[in-house]
Amino acid sequence: MLKKLKTILLKIVDLTALGFLEPYVRLCYGEEPKKQLKLIAQFSAVPIAAIALFITIWAILAPMHKTKSGSVPTPMQTLSAWNSIQNQHDQENAKAEAYNLTGEARLEVVAAAEARQAELVPLVAEANKGVDDAREAEAAEKAERIAPLQAKLDEMKEAADTEEEARLSEIEARAEALDTSDAAARDQLKADYLAFDAWEEEQKDAQSDLKGAIKLIQDEKTPEVTAALLLQKQRNDEKQFIDKLIEVAGEDSRELSLAETEAKLSELEVAYAGASGADTFKTLKKIVREQNKLAKTEDRIYAKPWTLPMQIFRSILCVFAGFLVGVAIAVPIGVCCGLSRTFMAAMTPFIALFKPVSPIVWLLIFMIVVGGFFPDPDKSVVLESLTAFTNWITGWIPFVGDMVTDFDINIAFIASALTVSMCSLWATMVNTALGVASVDKDHINVAKVLRLGFFSRLFKIVLPSALPLVFAGMRISLGVGWMVLIAAELLASSEGLGKFTWDQFNNGATDSFAKIVCMVFVVGIIGLILDRIMIIFQRLVSFEGSVATI
């Protein structure tokens, strides 16, 4: 039983390409302990040490580089930014949940929020005072550093102005007294003026360097100010959350909105029963309006903004949509290229021409072309149908259906997906063609002896033999598509990781830089997971010794 379990574990490790786990499995079964420990040190300890070294160097060097947005975020600041992103998501979930609460549960949430609101008043005031004190100390420290530079600049300007006036006056006097027949004196005057002009430029450059040094000091943000601003932002963000929570669980809650509308509708029903003349129709109109309002309130959900986890799922949806479209195009064309040298010759110019084109160019083209199909996107039946279908599909995916209730398939989403398709299909196409063309000729000869038809040969011989290389191409295509997608979302302003990163760049918040650094790791980790998934599929269709299994 244990031996069978060992075999299963080793197969899983091999299938998932997590080879560094193999020594652990073998060590647990006592197989060559010294060898396994050596492999563990090589494939586990060394990478962990490299990561630790990277984090250490990052932590040391990051504060040394100053920018207009402050110092480069350290690992701890990046982790804090990640916690802030996750906290924002949790807060939006809390507001959405509070909106639907009823009875005592809703009142308890409001009471707890009001208590926290009272606690935050002195904390916010303290954070604001901390920012003022930090800025005052920063201003004093900057003034002390700038003072000698400013004094040197003023002294340099004064000396340069005095010397400039004297030298210029001397040259002007010589020019007025110059004898028209004295060529040597004329040449000397010209040389002296050129020397004066060069000296003047040197003075300007020296003064510009001092002004630049002063400007750098003025633009710096001290760690104390950065920390104080971060605390202030955290306090203000929590206050805004508490204020909004009280609002959505209180006067704007679904329960109170329904109760208010139902009470008003009851009053109108009573009024309508006793109405006469012109008042009858007026009251009837009000009743219908309130009934419609009641129906909308019953169906209404909390309008939750796009948080990072929601952006992640939308980006993954977009990349897979584009990837599948690209595969649907690339595989048939690749099969035809592999089967026919003539077809391959016909396709080669197009592959060579379109493969190097930048994704930005494709995105702009697709934005225009797709926009032409949907002149009025808000009233498009096709887009509404795609949105409804996508929401239905994602509703079956655990956690996603509860997190995102409306993916809103729009022009930007379609253009981004098509850009992914256009930039990622080439690897799959080329690998498919190579796989089909590399099918063992003995297999083809056997198929001819058995008198198999074209489609029988294609689906029973050619495609199964080519699958390892096809999936190797698909793995490369998905990686390329994921890289392209972030840039496409950024430029198209389509909800997703690209837009999230761009928004952080533009909003100029204290922790925006750190959140952008977070996106490096988020995008990288998701790309790694997608690559692992494709490796599993690739190995499932690969045979021992094939190129695709490497």
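The protein chain is divided into domain 1 (1–64), domain 2 (103–235), domain 3 (253–299) and domain 4 (308–541), with bounds that come from an automatic or database domain assignment. This is a predicted model, in which local features need pLDDT of at least 70, side-chain atom pairs count only at pLDDT 80 or more, and totals for chains, interfaces and linings use all residues. Residues are numbered from 1 along each chain as its sequence is written, and side-chain values use heavy atoms, with hydrogens and water left out.

**Overall form**

- The protein chain has 19 helices and two strands; helices (H or I, at least four residues) and strands (E, at least two) are DSSP runs, numbered from the N terminus.
- The radius of gyration of the protein chain is 35 Å, whereas a compact globule of 550 residues would have a value near 24 Å. The radius is taken over C-alpha atoms, and the globule rule is 2.2 Å times the number of residues to the power 0.38.
- The C-alpha trace spans about 110 × 90 × 60 Å along its principal axes.
- The centres of domain 1 and domain 2, taken over C-alpha atoms, are separated by 53 Å.

**Surface, burial and contacts**

- About 32600 Å² of the protein chain is accessible surface, and 64% of this belongs to carbon and sulfur atoms. Accessible areas come from the Shrake-Rupley method with a 1.4 Å probe; for residues, only the protein chains shown count as cover.
- Of the 550 residues, 34% count as buried, where buried means under 20% relative accessible area, exposed over 50%, and partly exposed in between (1.4 Å probe, protein chains only).
- Among contacts (heavy atoms within 4.5 Å) between residues at least 6 apart in sequence, 74% join residues at least 24 apart.
- T74 lies in the loop between β2 (70–71) and α4 and counts as buried because its relative accessibility is 17%.
- Leaving aside residues up to four places away in sequence, T74 touches W58, A59, A62 and P63.

**Helix α7**

- Helix α7 (residues 223–249) has 27 residues and reaches 38 Å from its first C-alpha to its last, close to the 39 Å expected at 1.5 Å a residue. The expected span is 1.5 Å times one less than the number of residues.
- Buried residues of α7 include V225, A228, L229, Q232, K233, F241, I242 and L245.
- The buried residues of α7 pack against α4 (75–99), α5 (103–176) and α19 (512–540).
- D237 is partly exposed, with a relative accessible area of 29%, whereas K233 is buried.

**Salt bridges elsewhere**

- A search of the whole structure finds 18 salt bridges, each defined as a side-chain nitrogen of Lys or Arg within 4 Å of a carboxyl oxygen of Asp or Glu.
- R539 and D14 meet through their side chains in a salt bridge (3.3 Å, N to O). This pair links distant parts of the chain, with R539 in helix α19 and D14 in helix α1 (residues 2–15), 525 residues apart.
- Both partners are partly exposed: R539 has 25% relative accessibility, and D14 has a relative accessible area of 48%.
- E495 forms a salt bridge with K499, with 3.8 Å between the closest N and O atoms; K499 counts as buried at 18% relative accessibility.
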